[in-house]
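Please examine the sequence and the model below.

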Amino acid sequence: MMILGSHVSLGGNDQFLGSVKEALSYQANAFMVYTGAPQNTLRKSITQMKIKEAHELIRSSQIQFEHIIVHAPYIVNLGNPDPEKRNFAVSFLIEEVKRTHELGSKVMVLHPGAHMGDGPELGIQRISEGLQQIIDQTIDYPVTIALESMAGKGTEVGRNFQELAAIIKSTNRSSRIGVCYDTCHTSDAGYYVKTSFDDVLAEFDSVIGLSYLKVLHVNDSKNPQGAMKDRHENIGFGTLGFDVLHSVITHPKLTHIPKILETPYVEDPLKENASYPPYAYEIQMIHQGTFNPKLKEIIVQNRGII
């Protein structure tokens, strides 16, 4: 069975219940959600998120709890050289792990952090120390923190498998640490995702270990291999292409891994500031196994609604 879904929103009156409804409207059997805006650390009380109602709907649907992913906001930085800001990131992420657990998810994706000019070795040390504190203070919340593979912008840590492995090896209870592999990011970081994905996967297994792989972010890229840009594109419309990404999604070694689309909304060329979610159409296209070059036109015509 293909485990496939997308990022969904959380907000409005339905909160987490609305997230589940949105995923089901895309015919997804997995989804990823932020517990609040990814650009800030403002969070509503967990009691306001309609979790009980959401769980009831999940139990009656094709979605399994182990295929629900939470993404931590990317504004927090465990690699920050400022101790005060680093301590805030640790405190916030401790609460984020608890929220993830309360939502029923077992995996929280986290951008590792940035060394901000101090070099990757020091960045890895700070990130590892922060993760250790988070893990030590969330013993009763068995959530795996999946470090995302990064594209290599600026001073990002986690731009290659060696840096991710170093973080994992530097923490006790490494069973609480995993990896989220992003197709756009790894291609932008210089890996041969388009031409030799089997070799990339073999290198991942050798350096990190496939047992650590918990989530795949499946995104096409607007940029060529090695660009270090991190600009996602809709499936089949970027430099990776539909066939490559479909082969990643259906790879026999990855059948048990949830695949999450983070592709951009499709802009309406005739309406300013209007854009539509592509996920129902992309999921349908992936299941059919055939690329539709007119997909963006269809999405705009139907305003993202199937």
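Cys180 of strand E8 (177-182) has Val215 as its bridge partner in strand E9. E8 and E9 (residues 213-218) run parallel and are joined by four bridges; two strands count as paired if DSSP finds at least two bridges between them. Cys180 is also the bridge partner of Glu148, and strand E6 (residues 144-148) pairs with E8 in the parallel sense, again over four bridges. Helices (H or I, at least four residues) and strands (E, at least two) are DSSP runs, numbered from the N terminus. The model is a predicted one, in which local features need pLDDT of at least 70 and side-chain atom pairs count only at pLDDT 80 or more, while totals for chains, interfaces and linings use all residues. Residues are numbered from 1 along each chain as its sequence is written, and side-chain values use heavy atoms, with hydrogens and water left out.

In a regular strand, side chains alternate between the two faces of the sheet. In E8, Ile177, Val179 and Tyr181 on one side and Gly178, Cys180 and Asp182 on the other are all buried, where buried means under 20% relative accessible area, exposed over 50% and partly exposed in between (1.4 Å probe, protein chains only). Because six of its six residues are buried, E8 is largely enclosed by the rest of the structure. Ser175, in the loop between helix H5 (161-169) and E8, counts as exposed because its relative accessibility is 62%.

The structure holds 10 salt bridges, each defined as a side-chain nitrogen of Lys or Arg within 4 Å of a carboxyl oxygen of Asp or Glu. One of them joins the side chains of Glu96 and Arg43 (3.8 Å, N to O). Glu96 lies in helix H3 (residues 83-103) and Arg43 in the loop between strand E2 (30-33) and helix H2 (51-59), so this pair ties together parts 53 residues apart in sequence. Glu96 is buried at 0% relative accessibility, and Arg43 is buried at 18%. Asp230 forms another salt bridge with Lys153, with 3.5 Å between the closest N and O atoms. Lys153 counts as partly exposed, at 33% relative accessibility. Asp14, Lys21 and Lys50 are linked in a network of salt bridges.
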